[in-house]
Amino acid sequence: MPKKGAASNLLFQGSDWNFETLSRAYDAIETVALEDLGLDVYPNQLEIISSEQMLDAYSSVGMPLMYQHWSFGKRFVFEDNLYRRGRRGLAYELVINSNPCITYLMEENTMAMQALVTAHAAFGHNHFFKNNYLFRQWTDASAILSYMEFAKKYIIKCEERYGTTAVEAILDSAHALMDQGVFRYRRPPRLSSEKERERMRERLEYEEQTFSDLWRTLPTTSESSDPDAVERDVMERKKALNLPDENLLYFLEKTSLILEPWQREILRIVRVIAQYFYPQRQTKVMNEGCATFVHYTIMNTLFDQGRVTEGAMLEILQSHTNVVFQPSFDDPRFPGINPYALGFAMMQDIERICVDPTSEDRDWFPEIAGSGNWRETLLDAWANHRDESFILQYLSPSLIRKFRLFLLSDEADEKYCEVASIHNERGYEAIRAALARSYDIGANQPDIQVMDVDLLGDRHLRLQHNIKNGVLLEETSRDATLRHVRHLWGYEVSLAGVEAETGETLYECSTADIEE
Amino acid sequence: MPNFIDRRLNPKDKSLGNRQRFLKRAREELKRAIKEQVKSGKITDVDAEHNVSMPARGVSEPTFQPAGDSGERQYVLPGNREFAAGDRLPKRSSGGGATGAGAGTGQSQDEFQFVLSREEVLDLFFEDLELPDMVKLNLKESVAFKRRRAGFAATGSPMNINVGRTMRNSFGRRIALHRPGRKEMEAIAEEIARLEVEPNAGAKHLQHLEELRQKLEKLERRRRRIPYVDPVDIRFNRFEQQPLPNASAVMFCLMDVSASMGEREKDLAKRFFVLLHLFLKRRYDRIDIVFIRHTDEAGEVDENTFFYSKQSGGTIVSTALEEMLRVIRERYPAREWNIYAAQASDGENISGDSERCASLLHDDLMRLCQYYAYVEIIDERETEIFGTTDNGTSLWRAYRTVDGEWPNFQMTRIAKPADIYPVFRKLFGKQPAVQVRK
């Protein structure tokens, strides 16, 4: 860039922002994002909010529209408390996976920060939402906002009709099972359009109105006393129930005998939201890494073009460095592995491997090393991986050395943790595999499935916890959660812990034994 | 071109409703926590702000969570400096480094605290004492004020004009501005009158007269311009609200701590003492509390010992009364102190001693005390039987005779917190009618 044009070329000066500078910065960032990095994004909608509104927003799980529930109030009080005592800063940004993609900018931010947030959220996250296969398959960005609006209105209507307490009771129980309310293996049905939903609700209401208890008293025509036929019926019903089922919430919604139609609808709402957030939980490292890499690259490009002042760039770098800071395990600030740090470092590493590989990189990554094609490599990684597979495929020895990663194995019975591997030749594979595994939600969350229920008999619902590596459930919360299952099911519920490898039953508990 | 939307003017506090729901839910828990604190804290502490950590029971959100203390796990951690493969690390109790896997996904919310204001604490405390709202308001209201002279003010109501101070100001101003005095003007007027009647008026004489007239007119104009009392002179008496100076009071807590008094009885007794303290606090600036516990012998102890330390032995109630008498004579002369006494007991007493208690009250204590309240803590099942009759323990029967004679004596049986308040209603309801000492 010729030096003389620099002054007129600047996007902004000083720290104040107005809509004109925001828009000018946005256009410049967009040009770099689309033309240089080749990103592909949903249309953007940038909303300016105050810090109080930011607190509001993230206490309702980051959704702009959310039904009311006390747990969101609890989260608010908690966040507010931390914020006021200075224990936690506010997030600079919040972005919603919707079409158009909504990004919140805080009014208190400086112009440099606004530019950073725009690059980070409106392009980094936005690109990731639109292109990553998990989000493409499992979420419906164009329907979520209208669905949330429906959910909010529906729950308000239920509260008016059945009372806040009754609705709260259902929501409490549903929230407890949110983690067990997602389809992990098969794709969930698309969110139905507003019209369909309307039609469905009308049908339900019609059925409610025309329901007549008298019909129940009609004698059944074929009173079969044949035991074989009864058994066959049972088998058929079980088969119809599609057991075993991993989606406990879905099973209760469809099968529970005691739930009213509106209660089923509420379960469905909670389940849909859980499903919507499921991909986000599997792509923390990638999503944040992608956004961080994108903002870093874009802001540096703009700086190189002379469109950002050195002062602004220093501010941006300072905040960038804070975000990707990774304290060591023995540091009092250590909160676990920082997804921003890991994701960003891995993506930078991929760029390095593509452009300037060592011989070690050539051994480990023969396809990409030295290809020079880092843009395509990254676009491909962002589109086709989740955290677990991404780490398994791309974590390089040099990065393991840089982070000085080591693997600790911890057996409950031992007094010591053992260092299983460190960052050396023998340890790379093991560390990479273990780190990848730790991001596999399927492997780390308790695997609880509906096994059996005799609908015509005692209606006893049998759940099974498949125990891996001997990791049991925390008992107090387990019992409390089982009570919630019972609340939704209405009859006895039992949970059996079965060791996945041996098939041995390690524990059994039932709501019959748990005090209310 | 992106779509910018300014949402700053949108209503804030979108989560207000959620917070209210949360607090409503938390209320029950808070009540329990306050009760706990009343039980374990000092009597005077009830009337203060409290930190209450949010208890988890009613507001927990349980989910199926892996237990931290079972099975095998593997963690990948950053920042290795010294370890080699095969090294062993002693486990820390809470597993400081053991968060690697679930960081960010697990919702570990450490306990957070509320600060309840004095009013909120009292509200929660009163709730199961079943105090009527009027009384609650009275108790929360802190001090009575009295108007006191406090210098002068330039503004105020006409009623409060201070004439002396106003006139002094006016006088000073008149001197400073040379307001012509009446004497001076009268002298000139006289001179004029004298000159006017003089027959042989020469030109010089007439000129002098004219000068005098002009001078008088000038003086009169000046006099009119400078009023005798100007609004700036006016001073008002200023009054200030001053807290009413209160005499001191001493409150004697007497309790039977023999084996028959269990946790429940002590808790009820404590609530009774707390309430008495709150009532007294409304009236007196300074309240001393004397704790006297007794089994078969009595002793003055500190609050902690009073409620928590165990002592075994029989029961001789009169020892406590004697001890109280001793303390009064030594430290709290009835001339200087308002003396209140509250006695809690389960009514058990060694035979023959109850009469002695009654006579101690009759002869000495009731003369010294402003009020004496006796509560007998009974079993909830016994309320049916004893609720209405005068029959009961020997102590109860003996105290009955005192009750008839002294209007400042109250006695009741209580079985649950809600029974405590009526004692106070009787105690303080009679107050205007009797002036015991003086």
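Of the 438 residues in chain B, 42% count as buried. The model described here is predicted.

**Chain B**

- The secondary structure of chain B consists of 13 helices and 13 strands.
- Among the contacts in chain B with a separation of 6 or more, 80% join residues 24 or more positions apart.

**Nonpolar cores**

- In soluble globular proteins, nonpolar side chains tend to be buried together.
- In this model, the largest nonpolar core comprises 80 residues, and A:I298, A:M299 and A:W382 have the most contacts inside it.
- Helix α5 of chain A, residues 111–131, supplies the largest share of this core, namely 12 residues.
- Both domain 1 (10–206 + 263–324) and domain 2 (356–443) of chain A contribute at least three residues each to this core.
- When neighbours within four places in sequence are left aside, the contacts of A:M299 are A:A115, A:L116, A:A119, A:V308, A:M313 and A:I316.

**Second largest pocket**

- The second largest pocket holds about 320 Å³ of space.
- Its lining is made up of 14 residues, of which A:P64, A:Y104, B:R7, B:N10 and B:K14 are the closest to the pocket centre.
- In chain A, the elements β1 (44–49), α3 (51–59) and β3 (101–106) each provide at least two residues of this lining.
- The largest share of the pocket lining, 3 residues, is from α3(A).
- By class, the pocket lining contains 8 nonpolar, 2 polar and 4 charged residues.

**Cavities**

- Rolling a probe the size of a water molecule over the atoms shows where empty space is left.
- The count of cavities of 30 Å³ or more comes to 5.
- The second largest cavity has a volume of about 130 Å³.
- Residues lining the second largest cavity include A:Y154, A:K157, A:C158, A:R161 and A:Y162, and α7(A) gives the largest share of that lining, 5 residues.
- Also in the lining of the second largest cavity are A:R201, A:L204, A:E205, A:E208, A:P261 and A:W262.
- Two or more residues of this lining come from each of α7 (144–162), α9 (194–210) and α12 (261–282) of chain A.
- The lining of the second largest cavity divides into 6 nonpolar and 5 charged residues, with no polar residues.

Key:
Residues are numbered from 1 along each chain as its sequence is written. Chains are lettered from A and ligands numbered from 1 in the order in which they are written. This is a predicted model: local features need pLDDT of at least 70, side-chain atom pairs count only at pLDDT 80 or more; totals for chains, interfaces and linings use all residues. Side-chain values use heavy atoms; hydrogens and water are left out. On a 1 Å grid over the protein atoms alone, a cavity is a set of points where a 1.4 Å probe fits but cannot get out, and a pocket is an open set with protein on both sides within 12 Å along at least five of seven lines; lining residues have an atom within 4 Å of a point. Grid points are joined across faces, edges and corners, and a volume is the space filled by probe spheres set on the points. Helices (H or I, at least four residues) and strands (E, at least two) are DSSP runs, numbered from the N terminus. Ala, Val, Leu, Ile, Met, Phe, Trp, Tyr, Cys and Pro count as nonpolar, Asp, Glu, Lys and Arg as charged, and the others, Gly among them, as polar. A nonpolar core is a set of buried Ala, Val, Leu, Ile, Met, Phe, Trp, Tyr and Cys residues joined through side-chain atoms within 4.5 Å. Buried means under 20% relative accessible area, exposed over 50%, partly exposed in between (1.4 Å probe, protein chains only). Domain bounds come from an automatic or database domain assignment. Contact means heavy atoms within 4.5 Å.
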